[in-house]
Amino acid sequence: MESECVKIIGVIPAYNEEKRIATVVAEVRKYCSEVIVVNDGSADSTADVAREAGALVVSHSVNMGLGFSLRTGAETALKRGAEIIVTIDGDGQHDASEIPRVVAELENGQFEVVIGGRPNNAEMPFYKQLGNQFIYWSERALFGSLVVDTQSGFRAFRASVWPRLVWRSRGYSVSSEIVKNIATHKLKFVEIPVKTIYHDDYKGTRIMDGVKIVAQMVRWKVKDLGGNPNG
Amino acid sequence: MAEFYPLQALGAIAVLAMLYIVFYSYRRKEFSRSDLLVWVAILCWFLFAVIFHEFLNVFIAPLQVMSVFDLLLVTATGISLVMLLVLNKRLAKIESKVDLLVRKNALEQVK
């Protein structure tokens with residue numbers, strides 16, 4: 001099921017996700033014109049599994065990081081004529097059936113970026129809840145951002161906002177940079193709650209990643225003050 | 001000749017070990033001739049300063065340092081900072097080239 005006349009491309013960055021990528025691709029394909037999987041130097045058969053599931057696979061010869069992969073995916077999507085780009089994690093954390101609800105917010109013309117926020121609930125590991133809160137307050141203090149779940153990988157944006165949204169981060173700080181760019185360029189955004197699934201072998205941001213993200217935010221702020229908001 | 005302290009012996013051994021590493025790297029073609037000359041010059045200077053430190057006393061008064069040890073420490077810190085800056089610049093350049101290459105290869109996969 002995809003919106004008529006609007007080309008929606010799903011971008012899934014993946015690193016060693018051979019166990020889950022097929023399911024994720026199959027689900028996302030139901031709601032997008034195309035699915036691009038960015039195989040970020042995986043050591044397993046993520047690329048082959050994703051390809052068999054029907055995704056267009058773009059591979060990095062070495063592992064470059066989440067931010068780099070997302071940008072490769074977004075640029076590939078733009079090259080293929082995407083009008084709306086949806087990014088979703090490759091570890092099956094996000095429920096793809098939420099895509100229509102997320103995309104609907106863009107199609108009414110009121111918003112340019114939609115972020116699928118994960119509610120703080122009992123299933124979210126406690127250290128993640130704490131970390132998310134810390135990053136939220138840091139982002140709010142430094143950039144005036146009102147996004148609550150700054151680290152969510154489930155987002156959608158119009159292709160037209162790419163020049164203002166484009167990021168340089170290679171690693172996990174990409175989510176914070178996107179939120180920063182939304183605030184800096186005053187993009188119209190909305191955050192809507194989406195379902196999240198936490199697996200036992202959760203791979204996402206750890207405590208040290210959180211520390212690095214906040215340190216990077218401070219660096220961006222210093223660059224902004226120096227008159228270079230694009231980093 | 002002035003007294004020879006154990007710390008000087010340790011310093012001399014460390015410098016000789018580094019000289020060995022530099023020559024070994026040059027033989028393995030990891031260092032160019034200019035790298036070799038620069039490092040040999042720096043390390044020989046340190047070796048000379050460690051063994052014949054009394055000759056450096058002439059610099060203490062004009063540079064207003066307390067001792068030869070302080071002079072060596074400040075010199076070593078200055079050289080380390082310069083090296084850090086040069087390495088940082090080289091690393092940034094290499095990272096940028098890797099980014100370009102990986103993204104170019106990735107996007108070329110999509111016709």
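**Notes on the two-chain model**

1. Over all chains, the count comes to 13 salt bridges, a salt bridge being a side-chain nitrogen of Lys or Arg within 4 Å of a carboxyl oxygen of Asp or Glu. Please keep in mind that this is a predicted model, in which local features need pLDDT of at least 70 and side-chain atom pairs count only at pLDDT 80 or more, while totals for chains, interfaces and linings use all residues. For bookkeeping, residues are numbered from 1 along each chain as its sequence is written, chains are lettered from A and ligands numbered from 1 in the order in which they are written, and side-chain values use heavy atoms, with hydrogens and water left out.

2. A word on confidence in chain B. Its mean pLDDT (the predictor's confidence in each residue, from 0 to 100) is 90, and 97% of the residues score at least 70. Helices (H or I, at least four residues) and strands (E, at least two) are DSSP runs, numbered from the N terminus.

3. Now to the individual salt bridges in chain A. A:Arg101 pairs with A:Glu98, with 3.0 Å between the closest N and O atoms.

4. A:Arg164 and A:Glu112 form another salt bridge, at 3.2 Å from N to O. A:Arg164 sits in helix α6 (residues 162–165) of chain A and A:Glu112 in the loop between α4 (99–107) and β5 (113–117), so the pair ties together parts that are 52 residues apart in sequence. A:Arg164 is partly exposed, at 32% relative accessibility, and A:Glu112 is buried, at 15%.

5. In chain B, B:Arg28 and B:Glu30 form a salt bridge whose closest N and O atoms are 2.9 Å apart. B:Arg28 is partly exposed at 48% relative accessibility, and B:Glu30 is partly exposed at 48%. Back in chain A, salt bridges with shared partners join A:Lys7, A:Glu34 and A:Arg80 into one network.

6. The largest nonpolar core has 32 residues, of which A:Ile12, A:Val25, A:Val28, A:Val37, A:Val86 and A:Ile99 touch the most other members. A nonpolar core is a set of buried Ala, Val, Leu, Ile, Met, Phe, Trp, Tyr and Cys residues joined through side-chain atoms within 4.5 Å. Elements of chain A that each supply at least two residues of this core include β1 (8–14), α1 (21–29), β2 (34–40) and β7 (189–193). Apart from it lies another core, of 25 residues, including A:Ile36, A:Val38, A:Leu70 and A:Ile178.

7. Leaving aside neighbours within four places in sequence, A:Val25 is in contact (heavy atoms within 4.5 Å) with A:Ile12, A:Val35, A:Val37, A:Ala50, A:Ala53, A:Gly54 and A:Ala55.

8. How much area do chain A and chain B bury between them? The value is about 1,200 Å², with 54% of it on carbon and sulfur atoms; buried area is the accessible area (1.4 Å probe) that two parts lose on being put together, summed over both. A:Phe68, A:Lys79 and A:Arg170 supply 38% of the area that chain A buries against chain B, more than any other three residues. In residue terms, 16 residues of chain A are in contact with 10 residues of chain B.

9. Two salt bridges cross the interface of chain A and chain B. A:Arg170 and B:Asp99 meet in a salt bridge at 2.6 Å, N to O. On the side of chain A that touches chain B, the largest share, six residues, comes from α3 of chain A.

10. A:Ser59 lies in strand β3 of chain A and is buried at 18% relative accessible area. Its side chain makes a 3.1 Å polar contact with that of A:Asn39; a polar contact is a pair of N or O atoms within 3.5 Å, where within protein one must be able to donate a hydrogen and the other to accept it, and residues adjacent in sequence count only if both atoms are side-chain atoms. Not counting residues up to four places away in sequence, A:Ser59 touches A:Asn39, A:Ala47, B:Ala106 and B:Gln109. A:Ser69, in helix α3 of chain A, is buried at 1%.

Methods: Buried means under 20% relative accessible area, exposed over 50%, partly exposed in between (1.4 Å probe, protein chains only).
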